Amino acid sequence: MIQRIAIPLILVIVLSDLYIDMHYFRKHYHIKIWQRILWWTPCVIMIVYTCALASIRSFAPSDLTWLNLYLLLVGLFVGPKAIFTLCSSLGWVIRKTIIPTHRNYGHYIGLVAGVLAVAAYIYGLTIGIGRIRVRHIDVYFADLPKSFDGYRILQVSDLHLGTFDGWRKKILEAEMDSIRSQRYDLLCFTGDLQNMRPREVLAMRSVIAPAMRGTVSVLGNHDYAEYIKDSLARKEAMMRQLLTYECDSLGWTVLNNEHLTIYRKSRDANAVRPDSIVIVGTENDGLPPFPQRADWRKAFRGVGDKAFVVVLQHDPSAWERAVLPRTHAQLTLSGHTHGGQMQILGFRPTELSQHEDFGLYNHGGRYLYVTAGLGGLVPFRLNMPNEIAVITLHRKS
């Protein structure tokens with residue numbers, strides 16, 4: 001994780017401290033050499049810390065405490081200094097080239113923005129990460145079988161169980177309580193049960209198993225053990241172990257490029273057969289660097305052209321790329337993006353890379369719902385609560 005952005009992080013760490021040192025300590029305050037050494041010491045520590053995390057072969061350390069501590073230090077010290085440096089430097093440029101003033105007002109804006117950033121970060125790590133929202137979505141279809149009018153699908157996604165160790169376990173317990181309190185006909189999980197290793201599932205089995213038994217599930221990009229640097233055989237063994245835990249320990253049905261037909265007694269007295277809908281589950285269908293293992297032809301083999309189909313696919317980018325052009329599925333349920341885990345003035349960072357990153361999307365009467373999920377590798381949420389989605393199917397009159 002840190003390896004991918006190590007150079008930009010080091011540049012931000014160094015340049016922020018260098019700007020403050022040159023523009024304030026040397027120019028205005030003339031502090032002593034030992035005071036400057038004291039100022040630069042945390043910078044050196046953060047550079048060493050960054051290099052240490054970047055040297056780890058896997059996506060993240062096996063003990064996430066080291067990663068969480070690093071992210072805490074970045075959010076509390078590196079981020080605010082970077083914000084101050086940006087505002088102050090912009091203020092200096094404006095003062096010199098556009099609006100001549102005696103003071104650099106970017107300095108004061110940067111101080112305020114930095115303090116607000118620290119407050120928001122602390123909130124997201126503590127209160128924000130524990131907020132849970134139950135969102136109700138109603139979707140209407142002309143071809144929905146009559147007996148499924150009012151059928152309720154509860155969608156859960158992106159639990160990332162390894163994040164809920166320690167005090168955060170109570171958040172997972174509250175999420176399971178919220179699931180128990182819902183009225184639904186089918187519980188679906190759209191991937192990323194673990195962060196990196198199947199042992200995370202085993203550790204939280206007693207918490208999630210009672211609330212989510214009978215779940216229909218698919219795999220997400222984190223469920224393939226691809227974030228661990230190991231042999232292919234070892235990774236495949238861990239994936240099989242995860243499947244065993246999901247099927248045997250949790251009592252889930254995992255659809256790996258497969259489908260499941262659900263029947264209900266028809267409301268038409270003259271009907272020969274019961275009504276049905278088909279749940280199609282594919283493996284992760286992502287763009288690099290995410291895994292691409294979906295086999296749409298296999299998953300839809302035997303599914304009739306007139307069947308009402310609900311697709312479970314972890315990555316929402318597959319909707320435009322594969323679901324719409326290659327299938328007739330009426331409804332697709334996805335996760336993966338976590339809604340960016342933050343939203344500021346209506347903007348989510350995931351909007352920069354993903355067209356359909358959160359919420360309900362409609363294309364000619366065919367729908368995609370992307371949930372914000374219930375967890376994340378990084379334990380942070382700001383104005384984007386953990387989410388349980390209750391999707392009610394309606395038949396158009």
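Valine 134 lies in strand β1, which spans residues 132-141. The model described here is predicted. This briefing treats that valine, a helix pair and the nonpolar cores.

**Valine 134**
- Valine 134 has a relative accessible area of 30%, and it therefore counts as partly exposed, a class that lies between under 20% and over 50%.
- Leaving out residues up to four places away in sequence, valine 134 touches Gln182, Ile388 and Val390.
- Glutamate 175 is 41 residues from valine 134 in sequence, and their C-alpha atoms are 9.9 Å apart in space.

**Helices α3 and α4**
- Helix α3 (residues 64-97) packs against helix α4 (residues 105-126) at an angle of about 155°, and the axes are 8 Å apart.
- Because angles over 145 degrees count as roughly antiparallel, α3 is roughly antiparallel to α4.
- The contact includes Leu72, Gly75 and Phe84 of α3, and Gly110, Ala113 and Tyr121 of α4.
- Of the residues in the contact of α3 with α4, 15 are nonpolar, seven are polar and none is charged.

**Nonpolar cores**
- The largest nonpolar core contains 32 residues, and Val156, Leu159, Leu172, Met176, Leu193 and Met212 have the most contacts inside it.
- Among the elements that give two or more residues to this core are β2 (152-156), α5 (169-180) and α8 (232-249).
- Helix α7 supplies the largest share of this core, five residues.
- Beyond its neighbours within four places in sequence, leucine 193 is in contact with residues including Leu159, Val201, Ile208 and Trp252.
- A second, separate core has 28 residues, including Leu331, Leu333, Met384 and Ile391.

Note on methods:
Residues numbered from 1 in each chain as written. Predicted model: local features only at pLDDT ≥ 70, side-chain atom pairs only at ≥ 80, totals over all residues. Heavy atoms only, no water. Core = buried A, V, L, I, M, F, W, Y, C linked by side-chain atoms within 4.5 Å. Buried < 20%, exposed > 50% of the residue type's maximum accessible area, 1.4 Å probe, protein only. Helix = DSSP H or I, 4+ residues; strand = E, 2+ residues; numbered from the N terminus. Contact = heavy atoms within 4.5 Å. Axes fitted to C-alpha atoms, helices over the stretch in contact; angles between N-to-C directions. Parallel < 35°, antiparallel > 145°, perpendicular 65-115°, else oblique. Nonpolar A, V, L, I, M, F, W, Y, C, P; charged D, E, K, R; others polar.
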